[in-house]
Amino acid sequence: MKEIVVISGKGGTGKTSITASFAVLGGANLLVADCDVDAADMHLLLEPDFAGDEDFYSGEVAEIDQETCIQCGKCAEVCRFDAIPVVDGKYTVDPLSCEGCGYCARICPVKAITNSVQRVGNLYTSSIRTGTKMIHAKLGIGNENSGKLVAKVKNDAKALAEKEQKNYILVDGSPGVGCPVVSSLSGATFVVLVTEPTVSGVHDLIRVYELVKKFKINAGCIINKADINPERNREIKDFIRKESITLLAEIPYNENFTKAMTMGKTIVEFDSILKKIIVDSWEKIKQKA
Amino acid sequence: MKIIFTAKGTEWDSPMDPRFGRTEYFFIYDEDSKKIETYDNRAIENEAHGAGPKTSQKLAEYGADILITGNGPGGNAAAVLQQVGIKVITGAGDMTVKEAYEAFKNGTLS
Amino acid sequence: MKIAIASGKGGTGKTTLSTNLAAFLAEKEHVVLTDLDVEEPNSGLFIKGTLKHSESKYKMIPEWDSAYCNLCGICQEVCNFNAVLKMGKNIMVFPELCHGCYACSELCPKNSLPMKEKPMGELKHFEAAGLSFIESKLLIGEEQAVPLIKQTIDYVDENFPEEIIKIYDSPPGTSCPVIEATKHADIVILITEPTPFGFHDLTLAVETIRELKKEFVVVVNRYGIGDDSVEKYCKAEGITIIGKIPNDRKVAEVYAKGDLLYPALPSVKKVIEKIALFIQGERGDSGR
């Protein structure tokens, strides 16, 4: 089983549209895992049924039992996150500020504070319209994606892919360069980097590739909106040549991307010229992975 | 020589776990005594962050010479492993434990 | 006056709006633009100024002092983040994982983990005509954006008077970094695209900002593409749309070069003007 992870340091490069296109091309032979939990948009194109709903717990948050509390204020004293304000004369935890370090709970003289795991969102195992399944999550407000959540999404995807004998797992990876993207990359057979020839596109590509390199995973690159700036496009191509990254495709600037999305379709179901480019790159990915 | 594999199970035929920090099991093989040990690391699932260092710490207890894994380890785990003084071999993510061992012996992993 | 510019997802034009609005307003008065997207700060790619000041920003993390340590392991036990580990006869600290809660340091019976300053990022302060530009960037591998965002906001508060216009380019998403970046603002401008993705992410952003009980308005980017779901939604929810930046391939081209849009594109300039007027109106000095 091959695990293909699609990432892009910067947002708005078309990563999710391209990933969803691969999902359509891979059909029933492939399982989808959406690890871009902060902006999980893939469901808009793949029509999951939100079945298999499961609560997801991560991180901890302190809670003060007001019955036991003697209002000594020691907890607020040790808290470095200003998370224990006095509300209506009582020491109270502000869950949005609490980092869950557990220091307050440890030093409370009357053990009035418990640190408990918090429900941060929901995890779904859905059937999608391409005849396969997708693992995806929805986070509550102020809750952060984590290595744990990404690992859970990927683990569930892997177990299901094994059970249903799929050949591929397709992962829509997390943004940024922190723990979630590390967890997205971990275990991958091939990484697809989606970028665009803009100053920020180039900048973020180089930053996120540092991580990919650390993991020694083979990578390919898709340059979206490739024709909006020839100079930056060359810059990207020089970079990927130097790093032995496979150039998978150069996709011209095309508003059909958005038009397709507006109709709830992927680009390969909408525009025959773009379809050819994306089919070609998918074939390359399958060979390299 | 004592070798640790990151694995998805506890048998020679179990597939390797390509991940280091969040590996499901360690499969530990002592070439001299031919003894096999395994360690169930699945509780790591509950760690939101810092799986790498935590797993490294456990690994250190086995006093192995070589670690064979898939992609990893990331920066933090690498720092611990360096401290432990274990040699890290990657690129065995697609294999079974047995295949990984054979590939290592044949010198096709590095 | 503090204006935070935010969006549910990345790539919808946060940086474009922040930089263009700041530069436009700076033609008439002093403006401070602060890039709080400390993981991937990109505003600086569009603002050319001279470096006035730079400083390292630190977080407090424990540092092991082996002299009196009796290897009791309490530090490892109290750390909820796997940032302190006992490895044989050593205590290892992982600064990127540390949240700086001080528990290990203060609960250590031998005082063997004193808290020390550790660089987590770099703050830079640039000056251009009428425009002060502040950006902070996390060092690679650093995971916690919130402390750096906090310190950057403090820097701006300490160095500039209350009354001038301050624009904050916030990080994307709906998690802690966005909350940190927007909770101090007088008003939040949410920028989105009129597409299903843009619409979906806008609804999440609105939920977040409502949770914070902040006043907010919307700017639609790439207007003309996609559908009217964003407009319908804003109408139904009573949310004001203060500007629509037209969709144009030329916008993408100018952006790609790292140039500001409004000097090159009159259609964009008109929208920026409108948004500027709105801001001046909010401040209460609208043409009277």
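1. Of the 289 residues of chain A, 61% count as buried. Buried means under 20% relative accessible area, exposed over 50%, and partly exposed in between, with a 1.4 Å probe and protein chains only. The model is predicted: local features need pLDDT of at least 70, side-chain atom pairs count only at pLDDT 80 or more, and totals for chains, interfaces and linings use all residues. Residues are numbered from 1 along each chain as its sequence is written, chains are lettered from A and ligands numbered from 1 in the order in which they are written, and side-chain values use heavy atoms, with hydrogens and water left out.

2. Chain A holds ten helices and eleven strands. Helices (H or I, at least four residues) and strands (E, at least two) are DSSP runs, numbered from the N terminus. Along the principal axes, the C-alpha atoms of chain A fill a box of roughly 70 × 40 × 35 Å. Take the contacts in chain A with a separation of 6 or more: residues 24 or more positions apart account for 76% of them. Contact means heavy atoms within 4.5 Å.

3. Next, the surface and charge of chain A. Its accessible surface comes to about 11000 Å², and 48% of that belongs to carbon and sulfur atoms. Areas come from the Shrake-Rupley method with a 1.4 Å probe; for residues, only the protein chains shown count as cover. Chain A has 35 positive and 38 negative side chains, and the centres of the two sets lie 6 Å apart. Lys and Arg count as positive, Asp and Glu as negative; His and the chain ends are not counted. Each charge is placed at NZ of Lys, CZ of Arg, CG of Asp or CD of Glu.

4. In chain B, five strands form an open sheet with mixed pairing, in the order β3-β2-β1-β4-β5. Two strands pair if DSSP finds at least two bridges between them. β3 (35-40) and β5 (87-89) of chain B stand at the edges with a single partner strand each, so one side of each has no neighbour in the sheet. On average, neighbouring strands of this sheet are turned by 20° against each other, direction ignored.

5. Strands β1 (residues 2-7) and β2 (residues 25-30) of chain B pair in the antiparallel sense over six bridges. B:Lys2 has B:Asp30 of β2(B) as its bridge partner. Helix α3 (residues 97-106) of chain B lies across β1, β2, β4 (66-68) and β5, running at about 135° to β1(B). Axes are lines fitted to C-alpha atoms, for helices over the stretch in contact, and angles run from 0 to 180 degrees between N-to-C directions.

6. Chain C has an open sheet of nine strands, ordered β3-β6-β7-β2-β8-β1-β9-β10-β11, with mixed pairing. β3 (50-62) and β11 (241-246) of chain C are the edge strands, each pairing on one side only.

7. How many residues of β7 (131-138) of chain C are buried? Seven of its eight are. β7(C) pairs in the parallel sense with β2 (residues 31-35) of chain C over five bridges. There, C:Thr34 stands opposite C:Ile134, and C:Leu33 opposite C:Phe133.

8. β6 (residues 115-128) of chain C runs antiparallel to β7(C), joined by eight bridges. C:Gly121 stands opposite C:Leu138 in β7(C). β6(C) and β7(C) form a hairpin with two residues between them. C:Gly130 in the turn has a positive phi of about 75°.
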